[in-house]
Amino acid sequence: MSIALAGYGISVAVRFPILQFGIGVKLLLLGAAVMLGVSYYWFLRARTTIDDKGIRQTWLYTKQVAWSDVRGVKMLGIPYASGIFPPRLVVRTGNSFMTFNGGNQALLIEFAKLALAYQNTR
C-alpha cells in the first residue's frame, strides 16, 4: 500500500507543474512524503512483545500497556481486505484505547488468543 501511494505521488508530481505552486503546497506534499516514508520504515521495524508484564510495540514511540490496566481486548479488521490492512488489536484501558498492529501470522494468532481470553472473562 505504501509503495502504491508513493508511486501515485510520483505520478502526480510528474503530471502537474509542482514547482509553479506556492510554498505551502510544496511543504504539504513534502510533509506527506516524509510521513509516508517514516510510517513505512517503522511498520517494517516495529517489534511487538507480549510477556507477563503486558504488551508493548515499538514505533516512533513505544506503546505499552500493563496487564493490570487492561479492561478489554478486541481484534478489529476490515473484512476481505486483511491482505492490505492487517487486523489490529485494540486494548481498552480505564479511559483510553491503544491499538497494536499485527504484522505476521504468528502475531495475529497471539492477538486472537488474547482477544478470546478477554472475551471469556466477562
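Predicted model: local features only at pLDDT ≥ 70, side-chain atom pairs only at ≥ 80, totals over all residues.
Student: Hi! Which residues make up the largest nonpolar core?
Tutor: Hello! The largest nonpolar core has twelve residues, among them Ile-55, Val-73, Leu-89, Phe-100, Phe-111 and Leu-114.

Student: And which helix or strand supplies at least two residues of this core?
Tutor: Strand S5 (88-92) and helix H3 (105-119) each do that. The largest share, five residues, comes from H3.

Student: Back to Leu-114, what does Leu-114 touch?
Tutor: Leaving aside residues up to four places away in sequence, Leu-114 touches Ile-50, Ile-55, Trp-67, Val-73 and Leu-89.

Student: Changing topic: how many salt bridges are there in the whole structure?
Tutor: A search finds two. In one, the side chains of Arg-56 and Asp-51 meet at 2.8 Å, N to O. Another joins the side chains of Glu-110 and Lys-113 at 3.3 Å, N to O.

Student: How far apart along helix H3 are Glu-110 and Lys-113?
Tutor: They are three residues apart in helix H3, so about one helical turn separates them.

Student: Now the surface: which residues make the nonpolar patch?
Tutor: Ile-23, Leu-27, Leu-30, Val-34, Val-38, Leu-60 and Tyr-61 make a nonpolar surface patch of about 710 Å².

Student: Where is Ile-23, and is Ile-23 buried or exposed?
Tutor: Ile-23 is in helix H2 (residues 23-45). Ile-23 is exposed, with a relative accessible area of 61%.

Notes:
Residues numbered from 1 in each chain as written. Heavy atoms only, no water. Patch = residues over 30% accessible without salt bridge, like charges linked within 9 Å, V, L, I, M, F, W, Y side chains within 5 Å. Areas by Shrake-Rupley, 256 points an atom, 1.4 Å probe, with all protein chains shown as cover. Salt bridge = Lys/Arg side-chain N within 4 Å of Asp/Glu carboxyl O. Helix = DSSP H or I, 4+ residues; strand = E, 2+ residues; numbered from the N terminus. Buried < 20%, exposed > 50% of the residue type's maximum accessible area, 1.4 Å probe, protein only. Core = buried A, V, L, I, M, F, W, Y, C linked by side-chain atoms within 4.5 Å. Contact = heavy atoms within 4.5 Å.
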